[in-house]
Protein chains: 2
Amino acid sequence: MTFAEENYLKTIFYLEQEATEGVSTSAIADYLDTRAASVSDMLQKLAKKELIEYKKYYGAILTHNGRNHAILVIRRHRLWETFLVEKLHFGWEEVHEVAEQLEHIKSEKLINAMDKMLGYPKIDPHGDPIPDANGNFTKIEKRLLADCEEKWTGTIVGVKDTSSDFLKILDRKQINLGTVFYILNKEKYDGSIRLKIEDESIALSQKMASNIYIKVISMQNSE
Amino acid sequence: MTFAEENYLKTIFYLEQEATEGVSTSAIADYLDTRAASVSDMLQKLAKKELIEYKKYYGAILTHNGRNHAILVIRRHRLWETFLVEKLHFGWEEVHEVAEQLEHIKSEKLINAMDKMLGYPKIDPHGDPIPDANGNFTKIEKRLLADCEEKWTGTIVGVKDTSSDFLKILDRKQINLGTVFYILNKEKYDGSIRLKIEDESIALSQKMASNIYIKVISMQNSE
DNA sequence: TTAAAATTTTAGACAAATCTAAATAAAATA
DNA sequence: TATTTTATTTAGATTTGTCTAAAATTTTAA
């Protein structure tokens with residue numbers, strides 16, 4: 001399996017989650033910053049290897065084999081990201097480029113040993129789930145912070161309002177991509193929410209909470 | 001810089017140490033298990049990039065640039081090997097294949113962080129020196145075990161006599177490539193040597209000691 | 001429902017790295 | 001020194017992954 005093939009499988013896996021039908025040639029081309037013609041060639045190659053099902057002009061979906069391999073590449077990527085942040089103290093922005101290279105290193109023994117060293121983490125520094133050695137992982141749906149309940153634990157994955165004003169407020173409150181929070185309290189009266197982030201208590205209005213995407217880590221009282 | 005180019009530079013670096021003149025096409029082809037024609041092509045490419053000096057039918061030598069890059073690749077390789085053995089508890093045989101892949105990961109920050117995490121090691125698990133961030137390393141000369149003294153620590157790097165009979169004896173005594181030993185005692189009378197290997201005491205005749213190449217790790221009493 | 005626009009595929013080309021087979025140069029030897 | 005052997009290079013082909021330009025198909029819209 002070449003680097004290029006692995007990158008295509010990983011991309012198709014991502015895009016499949018949002019697509020209703022097959023993943024289109026142009027969606028892949030956009031994502032990988034390549035030309036539709038190149039994608040078309042590769043899809044036929046992957047289809048011949050039975051890693052995807054592919055009908056011309058219809059798009060691609062992963063086969064059982066293809067999905068397994070895509071999940072393996074994602075497992076490698078997310079474990080390396082975790083290693084870089086936890087053990088080598090890389091910042092959020094710095095990990096992606098390096099993990100894009102490391103995710104193609106072929107050694108089952110290596111990746112399972114990394115997993116063990118890191119204590120079998122379930123979530124990577126961005127809040128995305130890490131597949132285990134059998135390829136199982138809990139799918140985490142992103143939702144608005146405003147739709148969460150008291151005592152949940154989650155991680156910030158994005159914003160709806162991308163205005164500089166809003167981002168500045170988040171910055172000031174130390175809310176970044178990947179920040180893990182615990183919901184101390186949700187006020188029924190006005191929908192305002194109080195979070196605990198790194199042992200500090202932070203208040204957010206309903207309006208702010210409606211503009212922050214999060215992924216739920218736990219819906220139980222983990223304190 | 002592609003993987004292939006880096007592998008050629010690394011190979012030329014190794015072979016230069018033994019060659020008197022330029023490194024020959026066929027020596028590189030042998031080492032990389034490839035064809036002379038392929039090597040010839042690549043040498044011209046590397047010469048055009050000013051990574052080697054190359055005269056037809058004469059062989060190659062590294063330029064300043066080429067040498068620096070070769071040393072960087074070797075630094076990466078040996079740091080990864082050290083990581084695999086020290087942190088992930090890989091065996092001697094298992095590290096090489098994986099390190100061959102990892103040595104091509106491009107990130108200065110990554111490799112320097114690994115170096116720091118490992119405590120800036122000077123020698124890899126095979127007893128080979130690890131270049132520092134500036135490319136400096138102490139060249140370790142291989143010598144015969146028979147020419148060593150009491151209380152030295154070293155590592156096995158090769159044999160002079162490659163007969164199956166001799167190798168069987170070494171196997172039985174648990175002496176392998178990479179084995180680290182401490183010289184407990186050297187008998188002046190007959191030149192016989194007693195080693196400590198993994199807390200076991202092993203006796204070798206002068207004849208055997210004259211057929212084993214080692215690298216000195218320490219000439220001080222490290223016990 | 002037919003014409004225009006957008007998407008997708010095919011055809012042909014290219015760079016990288018390899019190969020085999022043939023040509024050429026260097027080294028060894030008679 | 002002339003000839004044979006060995007080593008090296010060149011020529012031409014192949015695979016992988018990409019590209020541009022052109023052809024084919026699907027979608028959109030008049």
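This is a predicted model: local features need pLDDT of at least 70, side-chain atom pairs count only at pLDDT 80 or more; totals for chains, interfaces and linings use all residues.
Residues are numbered from 1 along each chain as its sequence is written, chains are lettered from A and ligands numbered from 1 in the order in which they are written, and side-chain values use heavy atoms, with hydrogens and water left out.

Chain A contains 8 helices and 8 strands, taken as DSSP runs numbered from the N terminus (helices: H or I, at least four residues; strands: E, at least two). Its C-alpha trace spans about 60 × 40 × 30 Å along the principal axes. Of its 223 residues, 44% count as buried, that is, under 20% relative accessible area, with exposed meaning over 50% and partly exposed in between (1.4 Å probe, protein chains only). Among the contacts in chain A with a separation of 6 or more, 64% come from residues 24 or more positions apart; a contact means heavy atoms within 4.5 Å.

Most residues other than glycine have a negative phi. A:Glu198, although not a glycine, has a positive phi of about 50°. A:Glu198 lies in the loop between strand S6 (193–197) and strand S7 (200–204) of chain A, and at 74% relative accessibility it counts as exposed.

In chain B, B:Glu50 likewise has a positive phi, of about 60°. B:Glu50 sits in the loop between helix H3 (36–48) and strand S1 (52–55) of chain B and is exposed, with a relative accessible area of 57%.

Within H3(B), B:Val39, B:Met42, B:Leu43 and B:Leu46 are buried. Seen down the axis of H3(B), the buried residues fall within an arc of 110°, so they line one face of the helix; the arc is that of the directions from the helix axis to the C-beta atoms. An α-helix has 3.6 residues a turn, so residues three or four places apart point the same way. The cover over the buried residues of H3(B) includes helix H1 (3–16), helix H2 (25–32), S1 and strand S2 (59–62) of chain B. The face turned away from the buried side of H3(B) carries the exposed residues B:Ala37, B:Asp41 and B:Lys48.
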